[in-house]
Amino acid sequence: MPSIMAATAGRIVDIHTHMYPPSYIRILESRTTIPLVRSFPQTPDPRLILLEAEVESLEDAIKDPSAKPPGRPLTSHYASLEQKIHFMDTHKIDTSVISLANPWLDFLEPSESGPMAKSVNDEFSSMCEEHAGRVFFFAALPLTAPLETVLKSITHVKALRYCRGVILGTSGLGNGLDDPNLVPIFEALAAANLTIFLHPHYGLPNQVWGPRANAEYGHVLPLALGFPMETTIAVTRMYLSGVFDKVRELRMILAHSGGTLPFLAGRIESCILHDGQLVREGKAGKGRRTVWDVLKEQVYLDAVVYSEVGLKAAIEASGADRLMFGTDHPFFPPLTMDEQGEWESVSMNAEAVAKAVGGRSADAAGIMGSNAITVLRLDEDS
């Protein structure tokens, strides 16, 4: 893998990399419903339990100490800044833009949300100060709080030296990203020049996966299919509701190469053009900005898709100058090798870039680093 990363000309930037600050983990440890952190006698590390599909396994593990505990091991990779720097050094990553991972602050009571957002964002800001120029961050917003509190949070993070945007989940304020109540937030983010990093979490309803999924299929269905479909649905709803036209300066980076949007954009367009209701209401006429227009004008995609085929689709949809490398660290660790070494999940994404556009091409240099440097102003320290 080092040869793959070294073969890329220029700086390497990871824009999809997560952390859970210690103060955030303490909140998860105090909870009795998901999301939560629990320790089990049969595992050395606490477990991070996020998904609805894991609830049944959690109850089984509580009742039976010999049962396999759910969730992911909460290793030092999740909370340690020095571990993050070690990971970056191991993989020849020059700069990372860290963000709180799902479920962000969406589960907090309105009165808790604002203060916790300030605490988390200030903690991230301090981390960036420790490694100035190597680490930037996407802030978390207190979306369960009143609008005034959310807007104050945007003003606060805009002033933080190393903040380059916000991370947002696909449920928004709880009713999806086509919720009219989100428009003032989108407007404030656009005015503050803060890019949204859109990341899925909630997935499709658990029953979609069927009765065998929990016992037999691990996390494959919700992660491989639920997450990308969640992003696809969320952004399509934004498009159909006119958000991108209302807030033309809004900029978004979509996790996991936009879910299935690069593949399904043509089908979405066809369905719009052939929908009688939309035609009658004048929403499908000439001059309309298409999904393709939005993908090339207001949307960026990360390159966390793990294959040349998927990456080529993303490039065709948005353009190689709108793709940015990511690792999704600390998720998808190696299962058969030392976690302190090289991760196959990182090499898969780097290899996909090299195969799709050529390892030392200008497009590869852009995807692996210079696109992010330009879009997120990573050469500016204030």
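H256 is found in the loop between strand 9 (252-254) and helix 11 (261-273), where helices (H or I, at least four residues) and strands (E, at least two) are DSSP runs, numbered from the N terminus. The model is a predicted one, in which local features need pLDDT of at least 70 and side-chain atom pairs count only at pLDDT 80 or more, while totals for chains, interfaces and linings use all residues. Residues are numbered from 1 along each chain as its sequence is written, and side-chain values use heavy atoms, with hydrogens and water left out.

**Backbone details**

- Most residues other than glycine have a negative phi, and most peptide bonds are trans.
- H256, although it is not a glycine, has a positive phi of about 55°, and it counts as buried because its relative accessibility is 13% (buried means under 20% relative accessible area, exposed over 50%, partly exposed in between, with a 1.4 Å probe and protein chains only).
- R377, which lies in the segment after helix 16 (362-375), also has a positive phi of about 55° without being a glycine, and at 18% relative accessibility R377 counts as buried.
- A cis peptide bond with omega of about 10° joins N102 and P103, and P103 is found in the loop between strand 5 (95-100) and helix 5.
- The peptide bond from H329 to P330 is cis, with omega near 10°, and P330 lies in the loop between strand 11 (323-324) and helix 15 (344-357).

- The protein chain is divided into domain 1 (4-20 + 77-376) and domain 2 (22-73), with bounds that come from an automatic or database domain assignment.
- Taken over C-alpha atoms, the centres of domain 1 and domain 2 are separated by 26 Å, and the contact (heavy atoms within 4.5 Å) takes 23 residues from domain 1 and 18 residues from domain 2.
- About 1800 Å² is buried between domain 1 and domain 2, and carbon and sulfur atoms give 67% of this area; buried area is the accessible area (1.4 Å probe) that two parts lose on being put together, summed over both.
- In domain 1, the residues that lose the most area to domain 2 are Y20, F107 and N214, which together make up 31% of what that side buries.

**A residue in a loop**

- D64 is found in the loop between helix 3 (55-63) and strand 4 (72-73), and with 33% relative accessibility D64 counts as partly exposed.
- The C-alpha atoms of D64 and R288 are separated by 58 Å, and the two residues are 224 residues apart along the chain.
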